[in-house]
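Please look over the structure shown here before reading on. The paragraphs after it lead from an overall view to particular sites.

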Amino acid sequence: MSKPVEVVILGGGTAGWMAAAGLVSLLPHQRYRITLVESEEIGIVGVGEATLPQMKNFNDLIAIDEAEMMRSAKATFKLGIEFVDWGYKGSSYIHPFGIHGPPASGLPFHHRWLRTITAGRDWDIEDFSFAIAAARANRFDFPVTGGPTINSTYSYAYHFDASLYAAYLRSVAEGRGASRIEGKVADVEQDGASGDIRALLMESGERLEGDFFIDCSGFRSLLLGNRLGVEWEDWSKWLPCDRALAVPTERQDELTPYTQSTAMEAGWRWRIPLQHRTGNGYVFSTGFSDESKAAEALRASLGSPPLAEPRLLKFQAGRRVRNWERNCVALGLSSGFLEPLESTSIYLIQIAIMHLLPLFPTGKVDKRLVGEFNRRMDVEYERIRDFLILHYHLNTRDDAEIWRYCRNMDVPESLKRKIALFRHRGYIEDYRDGLFNPPSWLSVFLGQGLRPEHYHPFADGVAADRLIGELEQLREEIRDRVDEMPRHATFVSRYADAHQTTEAMLHEPEMRL
Amino acid sequence: MRRVRSVAIVGRDAALWLAAAAIQRALGPTGVRVQAIELTSWLSPVDTYAALPSLGSMHRLLGIDEELVLKAAAGVPMVGQRYSNWAKAAPAFTLAYDDEPPPGGGLPFTHYWVKGHKEGLRIGIEDFSLGCATARLGRVPVRQDDDGTPLAASYGYHLDARHYAELLKQVVLRRGIEAVSAGVHDVAIDGERMMAIELTDGSRVEADLFVDASGAERALIGRMPGAEFESWRDLFPCDRMIAATGPRLKSLPAFSQISAFRGGWIGLYPLQDRTAVTAVYNSRAVSDRDVAEQIGVLARIAVSGDAVVSELKQGVLARPWVGNCVAVGDSAAALEPLDAVPLHIAQGCVSHLMTLFPVTAEEMPEAIAYNRSIAEFVGNVRDFQAAHYKLNLRFDEPMWDRCREMKVPESLRREIDVFAARAGVILNDEGTFFEQNWTLSFLGHGIEPDGYDPRIDLAEDAAHIQLVHQRLRTVAELAKAMPTVDQFLGVDQPVEAASVR
């Protein structure tokens, strides 16, 4: 057999260790050798303490024990994101990881709901989402699988400490055969003729040769951006936030099974409940606020004393126009940045790994595969971009300049079309690749205050009274089922208490069927 | 705002009645008036429709019984199409149109096969496809009731075109739709709004929404501003079609035979009472007369009666929905009758129209979404068909040589590249064909992927061999357990019979 492909991962943050754990678990060892280079002196950004349900698929795929991971990363469960004050002051909606009511006769649920509104019922569509009802009641349980029951209509994600998750993945990756090299990179050696990266030259004098490089160096994008010169595409005209201040506070008594995002005078503020602390942060635009004002606004909003000094992050929304160039792929922040409004940072790392695997070089890099990977990542980035812009654009707030600016800005054609069709008739495009699916779009459209002018004419095929009866029954069933669920905090402490040892867990009574 | 209260559908043959049936079924209960204006049929007694498995779903949705269809239209189940002579030196291959992805160890089975093939496996991919295996045995992959089946496949149909259209018409009329037979004399248009149509019988039809199912005539949409036709002639060299008929085959195959020849291709479609024959060709490579004279020889079947020549103009409308006028089927996009797509185009358009049925009579921004979806939908079918031409290996014949050299759309180039490099298939939002359909076509046309998904090598060699052999056994056993076409149809052996080869 030919000699194995040497894969060198530069950077050991969330992206680096996800890549290392993913590749070492899913690629054959006799063909690939995985080495990760990182320096303890370089801090990690540790983006995205909140995740999407896809995270669970990734963990399952590489055979990670959920409870163990959750204990290690001090994780809690997440059923969605609450958006406060976004569309207008005083508003609150949840973007759930689940549907709002089941479809019927080929029609998405919201057309039937709109019909009942026209018929005189004034009820919130949130009442028909199991995930939202559970989230608002601070309850959690695993979804039931394999049945048409109401408590199978959602999925879940995690809130976790990303640095701890990375550390956990490091132990997994190293345990499965990935090597780690401690040290800083002094220079990069390229092939004179092809321009391919040949080796990383370490400060220690070591020369680390590789066939394929994965750039997980964060914002600096040492290989893809700096070395290979792949241009940056700036999206800040649509997503003007360029700073974040992050600060932890004490753990909440009542763990919410959702992330909270509150719109502010120059951006938005997150609150993420973990087992041992609460993550807080303010994402803002220096075009609409200065750093000290933002720090003051964040402090004032905390409610409990900060446990550390706020940490400042600088960024710009956008991406490298190609995520794979020559023999180098960038993952995570070195490939692009989209603010964590919809918890997409870790998803973008994960999906890049999943797109990369089937196309992974077996030897010399094949241009056809490079093109395909880049096309797939274009789709991923643009889908998320549009969805994020929607949150900013669709607002009626008049109290701060940033909201006026975003309301009036010229958005991408792909988004204009989606808004126009939803406004006219509640139509939502359904696409195969990339985030997000129609229930997500629905929750944001409606939550930000856009009520369709019309519903699908087929919804008139059923008598209004009958429809109202069906919906009442659905609402009741959801309430009843949610009442039976354990509290989220209780569930977490039983299932994945960070203070509990594995051994103690074994003696716990069976808690689920 | 005013709701759409009336719909006028102008068209002919199956597309007209499929559209009418679907619109009537969905909107009848809401009080919308649906009128069908039937133009003179373009079908002749020799015509046939080959239809993808999706037609069965449409029938179920419309409440049209399968047995009735098969009986009325002398129908025969069709699992796939057999492509012969598309490469001079290579054997024929079967392209099954199943919709169920075959299970592999978490990865598409193709990759296991490609690895095996590289390591000396001599068994072709078709033996691992339930669709192909049943097609070759003349059997129909019916679904078993006990759902422990590890593999499943689906089937489409061969139907006598006139009888099928007539059946649909009867079904629609029985459901109480208003219908008249007349031609379109003139239309009244105000900007992008169609006000009324004047029929050749002197009557005038007003409606909120006009649907054009008239085929290449484009009786309504052709008069709307901005609905220009974009030709795909540079991808599809065949500009003529001849339809003829021959005797019933002795034992009915479950596939169509699509044989390439110097000037185009010839399709053989078994029906219960006859065999339909269609030649699609380039009039500069062969003359109408030559084809008409030689069609029996080329198809290796005795043709009888008149052969009917028609023109083919492959292409698509820039905007199949303009104002309050929507084109469905051939009037939106015309493709050649390869890969059993003609009815599927009509069906796809109708189903998009149902999703986007306009909510108000005054403005219809739905057109934007419809036009976008239809462009992607038919573009994907076009790519699938164009791949047959692009990948032909009939060297030293000018028409076929040009096809190999032709520039294909970016979407198809990418599809071929990714398959050639890694046996990967790119699926689209509006895709008609499934991963295994593309795979069978590409491998059948002789693409040898350079590699496969590297994750395949995670499995031990022994496990890999076991998976491949297990799959082979399962397919063979399942295929043998399926009913033959004759058993499926419950028909007696015919008196008059011929053989296909």
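Predicted model: local features only at pLDDT ≥ 70, side-chain atom pairs only at ≥ 80, totals over all residues.

Residues are numbered from 1 along each chain as its sequence is written, chains are lettered from A and ligands numbered from 1 in the order in which they are written, and side-chain values use heavy atoms, with hydrogens and water left out.

Chain A has 16 helices and 21 strands, where helices (H or I, at least four residues) and strands (E, at least two) are DSSP runs numbered from the N terminus. Its radius of gyration is 24 Å, close to the 24 Å that the globule rule gives for 513 residues, so chain A is as compact as a globular protein of that length; the radius is taken over C-alpha atoms, and the rule is 2.2 Å times the number of residues to the power 0.38. The C-alpha trace of chain A spans about 75 × 60 × 50 Å along its principal axes. Of its 513 residues, 60% count as buried, that is, under 20% relative accessible area with a 1.4 Å probe and protein chains only. Among contacts in chain A with a separation of 6 or more, 77% join residues 24 or more positions apart, a contact being heavy atoms within 4.5 Å.

The largest cavity has a volume of about 100 Å³. Of the 16 residues that line it, the closest to its centre are A:Gly332, A:Gly336, A:Ser345, A:Leu348 and A:Tyr381. Here a cavity is a set of points on a 1 Å grid over the protein atoms alone where a 1.4 Å probe fits but cannot get out, and lining residues have an atom within 4 Å of a point; the volume is the space filled by probe spheres set on the points, which are joined across faces, edges and corners. Helix H9 of chain A gives the most to this lining, with 4 residues.

In chain B, B:Leu235 is found in the loop between strand S13 (229-231) and strand S14 (240-246). B:Leu235 counts as buried because its relative accessibility is 5%, and, leaving aside neighbours within four places in sequence, its contacts include B:Arg382, B:Tyr389 and B:Met406.

A search of the whole structure finds 0 disulfides over all chains, a disulfide being a pair of cysteine sulfur atoms within 2.5 Å. B:Cys325 is in no disulfide, and the nearest cysteine sulfur, that of B:Cys349, is 13 Å away. B:Cys325 is buried, with a relative accessible area of 0%.

Conventions:
Buried < 20%, exposed > 50% of the residue type's maximum accessible area, 1.4 Å probe, protein only. 1 Å grid on protein atoms, 1.4 Å probe; cavity = no way out; pocket = protein on both sides within 12 Å on 5 of 7 lines; lining within 4 Å.
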